[in-house]
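I opened my notebook to jot down what I looked up in this one. Here are the entries, in the order I made them.

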Amino acid sequence: MTNNSSNTNNSSNSKKSKLNKLAADNSIPSEIKNLISKSLSRRTVLAGVGGAGAALALASCSSGSGGGGGQLRWANWPEYLDLADDGISFPTLTAFIEQTGIDVKYSEVINDNDEFNAPVQPKLQANKDIGYDIVTLTDWMTARWARLGYLQDLDEAALPNKVNILDSLLNPTFDPGRKKTMTYQGIMGGFGWNKEKIPGGIKTVDQLFAPANKGKVEVVSEMRDTIGIILQYQGVDIAKPFTEDQFMNAIDFMTGKISDGFIRQVKGNDYVQDLFNGDAVAVIGWSGDIFQLALENDGKFDFAIPESGGTISGDNFMIPMTSSKATEASTLMNYYYDPVVAATAAAYINYVTPVKGAQEAMESIDPELAKSEFIFPSASTLSRLKIFRDLTVAEETSFQTAFQEASGNI
Amino acid sequence: MAFLHVQKTTNRLKGLKNNRSLIPYLLLAPGLIWLSIFFIFPILQLGATSTKTPAGEIGFFEQTYRFQNYIDAFLASKEQFYRSFLYATLATILALAIAYPLAYAIAFKSGRYKNILLVMVIAPFFTSFLLRTIAWKQILGEEGPVVSALRAVSIIGDTTSITATPFAVVTGLTYNFLPFMTLPLYASLERIDPRTMEAAGDLYANGLTTFRKVTLPLSMPGVVAGTLLTFIPAAGDYINAAILGDPKSKMLGNVIDAYYFRIVDYPTAAALSFMLMAAILILVTFYIRRAGTEELV
C-alpha cells in the first residue's frame, strides 16, 4: 500500500474533465452516474493534504470507546477509497450504508503497517477490543496476524461475492482459500522510468542498472518488492520456499549496486517525487504510483513488469477476533466485491482491482481505464507477478536486518 | 539562582508572607511533574527495554537483563556512530564559522537594521524543519537551479551530484542548526560593553588584537552555548541524512529508526538511544570542563 497524497493536485483537472464527460453520458446507468458525479473534484478538495483523513480522525474520536455500539468500524489507509466533492464523504460507502442500513465509521488511520500494529497488538493479545471491526493491512502483516490467531473467520453466508476474487489471489500462503481475509487492492511491483531519459524503456534488471543510469536509480524500501524482483532476476521463485543463501545473494546484489553508486537511495513512497523532479530516472516501484505520475505528466513516465517477474502484494480486508461484527464486516467486503462498486472505487484508487467482472463494469465508467493493465492486469500479466512467500519469525527478523543493512540504515 | 530570585520577589509581596517557604516548590512543581512524566519515566522505560531479548514472536520481548545488547548494538552500527559525530562536528564548525561574523555584524554594525536582521535569522523557524530540508533537496537536486548552473559552467561534471552525498547532509545540518548558533552568539556579543573595545584601542591594540584579547573572550559563553545547541541536535538528527543523504551517509538516528520501525527490534533501538545519549553527555561534559561555563546561563 502506498500513499499518493503529494501527487493529487495535478491530476485533478484532467481526471475531472474526464469524469464530467462521463457524468453527461446517457448510456451510463443512473446509479453509476450518481456515484461518478459525487466523485467529481474529490482530489481538488483534498488538495494534497490529508484534510479528509484529519476530519475523519477527529470524527472518529467522538465514539471511540465502548465497542462501537451499532457501528461497523473500518480502519484503512489514507486516500484509499473514492472520495466525494465535500472531501468528507465516500460515495460507494455512503451507498453501502443506505443499502444495508449498516452504519460504518470509516477511519483513515493506517499509515504504516508497523505503526498501526504496535499499539493494537497488546490488545489483541489480551483479547480486548482494538476499536476496529475491519482493518486493511498488507499481506505480510496479515500473515503475522493470521499466525498469531488474531483473525476470525469470514461469514461466508454474507459474502456470496467471494467467488469474484481473482484466481491468482485465492490461495495466498497465509490464508489458503481465503477463509479469513479478502484482498482489498493489489499492488504491483516493477520498473518505473522516465521516458524522456530512457526512451528504450526498462524490461530487465540489467537495463535498470545500465551504465547511463548510474546514480539515478532508486528502489523502494519495501523489502518484498525490491528483493523480490532481484530474487526473480536471479532465477528464484519467490512464491516457493527459497533458502537464506538465495535471499542473501539478492541482498549482496543490492549491496553491490549501492557501493558501486548505481542506487541513489532506498526510499519509501517519496521515490515518486524523485522521478518527477529528475533525481531518479528509473526505479523499482509500484504500479499505482507510476500510473498516476504518467497521467499527471502527459505520459512522461512508464511502468513495466520485469521480464524475469514482478511482485504482487495486497492489502487485505480482515476481521480482528476482538470484533463482534463479523457478519456486518463480511457484508461490507461482499459489497466491495460487487464488480460495479469495485470499478467505481478503482477509478479513484488506481491500484489493481481484485474483483472479477470489474473490468466489464469499468467499460461503462471509463473505457480507457478498463484497458489499463495497471488496474486490470491480463492473465498473461498476472502470470508474471508473484506473491512473496510467508517468512518465519526468524527469517522476518534476519531478512529485514540484512535488507536494512544493505540500505545503509544499520 | 532561581531560588534567590523568587525569595527576593516574595519579600516584596507582603500579602504572601505565610506561604513564603512553600512558594519556590510550588513554582518548581509544574516543571518537575512535567519532567518526571515525560522524561524520567520514559527514560526508565527505555532503560528497561534495552536489556530485553526477543520472545519468539515479532514485537514480543522478555526482560533478561542482557547488557550484551549494548555491545552488539554498538558493533553493528559503529560506522554510523562515528559518522554521526563526524558530521555533527563538521556542521558545528561550519555553523560557527558562518554564524560568528553574522552575529558580530548584527550586534555591532547593523545600526537600525538590527531588528530586521534578527527576524531574518529566526524567520526559517516559521516553516517546518522537514519542509525546509525537502526544499533544499529540490534546490540542490539533479534538475534544480544549482546543479544546472554549475554544470553549465563545467564546475561539476554531468555525473556529479550534490544531493545524495555526505556533503549535502553536512550542509543540511549546518543550515538547519545555524539559528541555534547565531542567537546565543548574538546575545553574548551584544552584551559586550563597547567601551572595553574602545579601551583596547586607547591602549594601542589593533583591530585583530582587540578581537583576540577582548571581544572573543567576552563572547565565549555564546560560543559554548551555540556549539552545544548545534552539536547535540545535529548528532541525533536523522532527517537530513534521510532526505539529503544516500545509503552511504546514514546517521545514528536512521539506525534507531530502522531498528524501531522496520526490524521491530526495540531492545537494540533502546540500547542505541542510550548510547547516543551517553556519548553526547560525555563529550559535552568534557567540552564544558575545558571551555568553562561560568557565564553560560
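**Surface patch, chain B**

I started with a nonpolar surface patch made of Ile33(B), Trp34(B), Leu35(B), Ile37(B), Phe38(B), Phe39(B), Ile40(B) and Leu44(B), about 870 Å² of accessible area together. Patch members have over 30% relative accessible area and no salt bridge (a Lys or Arg side-chain nitrogen within 4 Å of an Asp or Glu carboxyl oxygen); nonpolar side chains are joined within 5 Å. Areas are Shrake-Rupley, 1.4 Å probe. Phe39(B) sits in helix α2 (residues 23-50) of chain B. I noted it as partly exposed because its relative accessibility is 46% (buried is under 20%, exposed over 50%, partly exposed in between).

**Ground rules**

The model is predicted, so local features need pLDDT of at least 70 and side-chain atom pairs 80 or more, while totals for chains, interfaces and linings use all residues. Residues count from 1 along each chain, chains are lettered from A and ligands numbered from 1 as written, and side-chain values use heavy atoms, without hydrogens or water.

**Aromatic pairs**

I found 37 aromatic pairs over all chains (ring centres within 6.5 Å; planes under 30 degrees apart are stacked, over 60 edge-to-face, the rest tilted). Phe242(A) and Phe388(A) pair edge-to-face, at 5.6 Å and 80 degrees. They are 146 residues apart in the chain. Phe242(A) is buried at 4%, and Phe388(A) is buried at 8%. I then checked Phe61(B) and Tyr266(B): centres 5.6 Å apart, planes at 45 degrees, so tilted. Tyr266(B) is partly exposed, at 24% relative accessibility.

Note on methods. Patches are made of residues with over 30% relative accessible area and no salt bridge: like charges are joined within 9 Å, nonpolar side chains (Val, Leu, Ile, Met, Phe, Trp, Tyr) within 5 Å. Helices (H or I, at least four residues) and strands (E, at least two) are DSSP runs, numbered from the N terminus. Buried means under 20% relative accessible area, exposed over 50%, partly exposed in between (1.4 Å probe, protein chains only). Rings of Phe, Tyr and Trp (its six-membered ring) pair if their centres lie within 6.5 Å; planes under 30 degrees apart count as stacked, over 60 as edge-to-face and the rest as tilted.
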